[in-house]
Amino acid sequence: MSDIKLALLGSEGAGKTAVLVRFLTRRFIGEYASSANSLYHKRMSIDGRQLNLEIFDSCSQSSGNTCIQEEPVNWADGFVVVYNISDRTSFLHAKSVLQQIKEAREESSKGLVDIPVFLVGNKQDLCNARQVCEEEGRALAQEERCHFQEVSAAEDYLEISNLFTKLIRHVMDNLKHCAGRRRYSGSKSMAKLINNVFGKRRKSV
């Protein structure tokens, strides 16, 4: 069984936890904000391969920069960065997060920068209140060399399921290419953080 590790990032109100719970349970939970990090587990099969999926859901902070500094950037095999299409501030935060991921990987992953990342514009159902056009999201994704998709956690389970399936497939391909190279691990302080966070907040779905 293969282990796949993903991390979700996004500002308060972006709906990243709603996106995640929609994928894991098919249910929509509405608005949800947490001041704590959580780790979710799911076993699934993709293309005939059994996977043990771990998804780290970071705390939501409207201030933007607090949680990204604590993220296990070297732990994750792939990232989902979520913003709210009806909130330009969340889009600017997502742009900052993408930059921070890139910079952190360049500093600590020995050149393995091209990790799969999906930029996700959530709340597509709020088009009447849109502040970020789809072309802007697509242009940012192209600039940062990541994948892009708009979704609605409130209305469509299938598109979110397909998004995660695509990301997991990209992760599997990426890990296959890196199979001959030593999997990177964080510093001792990062490992301690992961143990502290994950040991206290483990959730199974």
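How many of the ten residues of helix H1 are buried? Nine of them are, so helix H1, residues 16-25, is largely enclosed by the rest of the structure. This is a predicted model.

Start with the helix itself. The buried residues of H1 are Lys16, Thr17, Ala18, Val19, Leu20, Val21, Arg22, Phe23 and Leu24. Here buried means under 20% relative accessible area. An α-helix has 3.6 residues a turn, so residues three or four places apart point the same way. What do the buried residues of H1 pack against? Their partners include three strands, E1, E2 and E3. They also pack against strand E4 (78-84), strand E5 (117-122) and helix H4 (157-177). Just after H1 comes Arg26, with a positive phi of about 70°.

Now turn to strand E3, one of the elements that H1 packs against. E3 spans residues 49-57 and is mostly covered, with seven of its nine residues buried. In a regular strand the side chains alternate between the two faces of the sheet.

E3 pairs with E1 and with E2. Strand E1, residues 2-10, runs parallel to E3, and seven bridges join the two. Lys5 stands opposite Glu54 in E3. Strand E2, residues 38-46, runs antiparallel to E3, and nine bridges join this pair. Ile46 has Arg49 in E3 as its bridge partner.

How do E2 and E3 connect? They form a hairpin with two residues between the strands. In this hairpin, Asp47 takes a positive phi near 55°.

Methods: Residues are numbered from 1 along each chain as its sequence is written. This is a predicted model: local features need pLDDT of at least 70, side-chain atom pairs count only at pLDDT 80 or more; totals for chains, interfaces and linings use all residues. Side-chain values use heavy atoms; hydrogens and water are left out. Buried means under 20% relative accessible area, exposed over 50%, partly exposed in between (1.4 Å probe, protein chains only). Helices (H or I, at least four residues) and strands (E, at least two) are DSSP runs, numbered from the N terminus. Two strands pair if DSSP finds at least two bridges between them. Contact means heavy atoms within 4.5 Å.
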